[in-house]
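User: I would like to learn how to read the packing of side chains in a protein model. Could we go through it step by step?
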Amino acid sequence: MTQHQNSQTMKPATAAKKLGVYLDATPADFQEGVVTRAELNELQADPPAWLRELRQNGPHPRPVVAAKLGISISGLARGGVTEALTTEQIEALRAEAPEWLVKERATQAEVRKENVRIKERNAQRAADEAARAQNA
C-alpha cells in the first residue's frame, strides 16, 4: 500500500497557535495565506527573524502570557488581562506583583500540588490492583 503525500494546510490562526505567537502581530502575508505542514515545520526548525522577535519580545498570546506569569488563562481573565502583552509588560506585571497576580499564582501552585497528589494516589491504586491481581 502506498501512502499519498497530501499537502496539509491550516489557517493562519492555527499555525500561529502552534508557533506560540499572536496572530495579529505576524506579517500580513502570513495572516492572509494558508500554511502547509511543511512550511510550519520549516518555521519551527529555522524561524525567520520576525518569528524569533515575536517569540522573544511579543506581543504574546494569552496562553504564553499565562505561562510566563505562572497562572492559568482563567486567572488572566479574572485579573482583567484580556489583551496580548509584550515581554516587557509581563516583566513589569511580575515586578509590580499586584494582589490578583499573587493570589492567582498561589491558586495555580495549589492546583499543581493537587494534581501531583491525585497522580500519586492513582499510581498507588494501580500498584495495589496489580498486586491483588498477581496474588489471586
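Analyst: Let us begin with Trp50, which has a relative accessible area of 26% and is therefore partly exposed, a class that lies between buried (under 20% relative accessible area) and exposed (over 50%), with a 1.4 Å probe and protein chains only. This is a predicted model, in which local features need pLDDT of at least 70 and side-chain atom pairs count only at pLDDT 80 or more, while totals for chains, interfaces and linings use all residues. Residues are numbered from 1 along each chain as its sequence is written, and side-chain values use heavy atoms, without hydrogens and water.

User: Is Phe30 buried or exposed?

Analyst: Phe30 has 8% relative accessibility, so it counts as buried.

User: How many aromatic pairs does a search of the whole structure find?

Analyst: Rings of Phe, Tyr and Trp (its six-membered ring) pair if their centres lie within 6.5 Å, and planes under 30 degrees apart count as stacked, over 60 as edge-to-face and the rest as tilted. The search finds one pair. The ring centres of Phe30 and Trp50 are 5.4 Å apart and the planes stand at 55°, so this pair is tilted.

User: Which residues make up the largest nonpolar core?

Analyst: In soluble globular proteins, nonpolar side chains tend to be buried together. A nonpolar core is a set of buried Ala, Val, Leu, Ile, Met, Phe, Trp, Tyr and Cys residues joined through side-chain atoms within 4.5 Å. Here the largest has 11 residues, including Met10, Leu19, Phe30, Leu43 and Leu51.

User: Which residues does Leu43 touch?

Analyst: Counting contacts as heavy atoms within 4.5 Å, and leaving out residues up to four places away in sequence, Leu43 touches Leu19, Phe30, Pro48, Trp50 and Leu51. Another core, of 10 residues, lies apart from the largest one and has Ala66, Leu76, Val81 and Ile90 among its members.
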